[in-house]
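Have a go at each task before you read its solution.

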Amino acid sequence: MMTSSIPPEHSRYSRQVLFQGIGNEGQARIIASRVVIVGCGALGTVQASLLARAGVGTLRIVDRDFVEESNLQRQILFDEEDVKAVMPKAIAAERKLCCANSLIKVEGLVEDLNAASVDRLLGGFDLIMDATDNFEARFLINDYAVKNNIPWIYGACVGSYGLTFPVLPGETPCLRCVFEDASPPGVSPSCDTAGVIGPIVSVIAATQVAEALKILAGRREAVNRKIISTDLWDNRHEAIGAPSRKRDCPCCGLKDFAYLDGRLGADVTTLCGRNSVQIRRREDARIDLEELAQRLGPLAHLICNRFLLKATIDGYQLTVFPDGRAIINGTYDVAVAKSLYARYVGN
Ligand SMILES: [Zn+2]
């Protein structure tokens, strides 16, 4: 019968192997593939779960943040224990996914993607999944992917609305052909102001993963070339023809990678969906969390684990990571955040 043609190493994937578009050959390619997911919030948790279960052999998850109660409504890999333990999302995701599929390698990295870290974090992967929440990170991914000829899949949602399209360098328009600069119309309201419902996250992430499986299985001809736009509340589902590739596109046309070499992009980011600002250092810095805990002990209420130190001071929460990065919760004001960082963490 049909199943007798499925080799034992593919048995857990039998339903996917039986699917004509994938088959044994496609499954073998998926198992041999390496995928990096940038961001492990709403989109990232859905993508990671589907890709791990599909058998992607090496899965790296990069996220700079930790799990909070308001994430649980849509970030399907996390639970209340992760909130209590202030677990970094990348680590929590890695632990959950190893239980879902022990045959693959899952690596969670608690890091910020920026011009200084991009080569180290994205190098050596076959495909990049966008699960970020900001355009600065997406333009950086786009620069890296186009320069190194690696496909990546854009995805974004807010409210009940979402947008996704794949970027195949040299073949389809890149992100800067589609959106010239940050904050394109319609995507500018953030989850912070407009909220977001779980179903749109799953729809967009699942659409991204479907395109990913086509690429990984070697079925590039099946990849969607249009911009998929969906609104689950207003019942709109559209496939919009993408603009053609621009000859004078700074990225894929002129090969001027301004985000990669750090001419565009910032040290300070206001985080989506949170009353928070992230501060990072341009140079590579390490912070001794134990030493910092001793210093802040008399001033603040502290929670510390291997991955971060969280201090509540003056009504703000400072979460400091070993790479010198900090998330300051309780303000949108960059100046306030910078001054808190300078005062309590140092220069
Ligand atoms: Zn372009």
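**Exercise 1. Find which residues Arg325 touches, leaving out residues up to four places away in sequence.**

Step 1: list the contacts, where contact means heavy atoms within 4.5 Å. Arg325 touches Arg64, Val110, Glu111, Asp112, Gln278, Ile279, Arg280, Thr319 and Val320.

Step 2: look for a polar contact, which is a pair of N or O atoms within 3.5 Å; within protein, one must be able to donate a hydrogen and the other to accept it, and residues adjacent in sequence count only if both atoms are side-chain atoms. The side chains of Arg325 and Gln278 make one, at 2.8 Å.

Step 3: Arg325 sits in the loop between E13 and strand E14 (326–329); helices (H or I, at least four residues) and strands (E, at least two) are DSSP runs, numbered from the N terminus.

Step 4: check accessibility. Buried means under 20% relative accessible area, exposed over 50%, and partly exposed in between (1.4 Å probe, protein chains only). Arg325 has 1% relative accessibility and therefore counts as buried.

Before you go on, a word on the source: this is a predicted model, in which local features need pLDDT of at least 70 and side-chain atom pairs count only at pLDDT 80 or more, while totals for chains, interfaces and linings use all residues. Residues are numbered from 1 along each chain as its sequence is written, and side-chain values use heavy atoms, with hydrogens and water left out.

**Exercise 2. Describe the site of the zinc ion, from its donors to its geometry.**

Step 1: collect the donors, meaning N, O and S atoms within 2.8 Å of the metal (3.2 Å for Na, K and Ca); water is not among the atoms, so sites may look incomplete. The SG atoms of Cys174, Cys177, Cys249 and Cys252 coordinate the zinc ion at 2.3 Å.

Step 2: test the angles. Four donors count as tetrahedral if all angles lie between 85 and 135 degrees. Here the angles among the four donor atoms run from 96 to 125°, and the site is tetrahedral.

Step 3: read the spacing in sequence, which is C-x2-C-x71-C-x2-C. Cys177 lies in helix H8 (residues 175–178) and Cys252 in the loop between strand E8 (236–240) and strand E9 (268–270), so this pair ties together parts that are 75 residues apart in sequence.

Step 4: check burial. Both Cys177 and Cys252 are buried.

**Exercise 3. Work out which residues of helix H11 (residues 289–296) are buried, and where they lie around the axis.**

Step 1: pick out the buried residues, namely Leu289, Leu292, Ala293 and Leu296. They cover an arc of only 105° around the axis, which puts them on the same side of H11; the arc is that of the directions from the helix axis to the C-beta atoms.

Step 2: recall the helix repeat. An α-helix has 3.6 residues a turn, so residues three or four places apart point the same way.

Step 3: turn to the other side of H11, where Glu290 and Gln294 are exposed.

Step 4: find the packing partners. The buried residues of H11 pack against strand E11 (301–304), strand E12 (309–313), strand E13 (316–320) and helix H12 (334–344).

Step 5: inspect the start of H11. There a side-chain oxygen of Asp288 comes within 3.1 Å of the backbone nitrogen of Glu290.

**Exercise 4. Examine the positive phi values of Asn235 and Asp314.**

Step 1: Asn235 is not a glycine, yet has a positive phi of about 55°. Asn235 is in the loop between strand E7 (227–231) and E8, and counts as exposed at 60% relative accessibility.

Step 2: Asp314, also a residue other than glycine, has a phi near 50°. Asp314 belongs to the loop between E12 and E13 and counts as exposed at 53% relative accessibility.

Key. Tetrahedral: all angles 85-135°; square planar, octahedral: opposite > 155°, others 65-115°.
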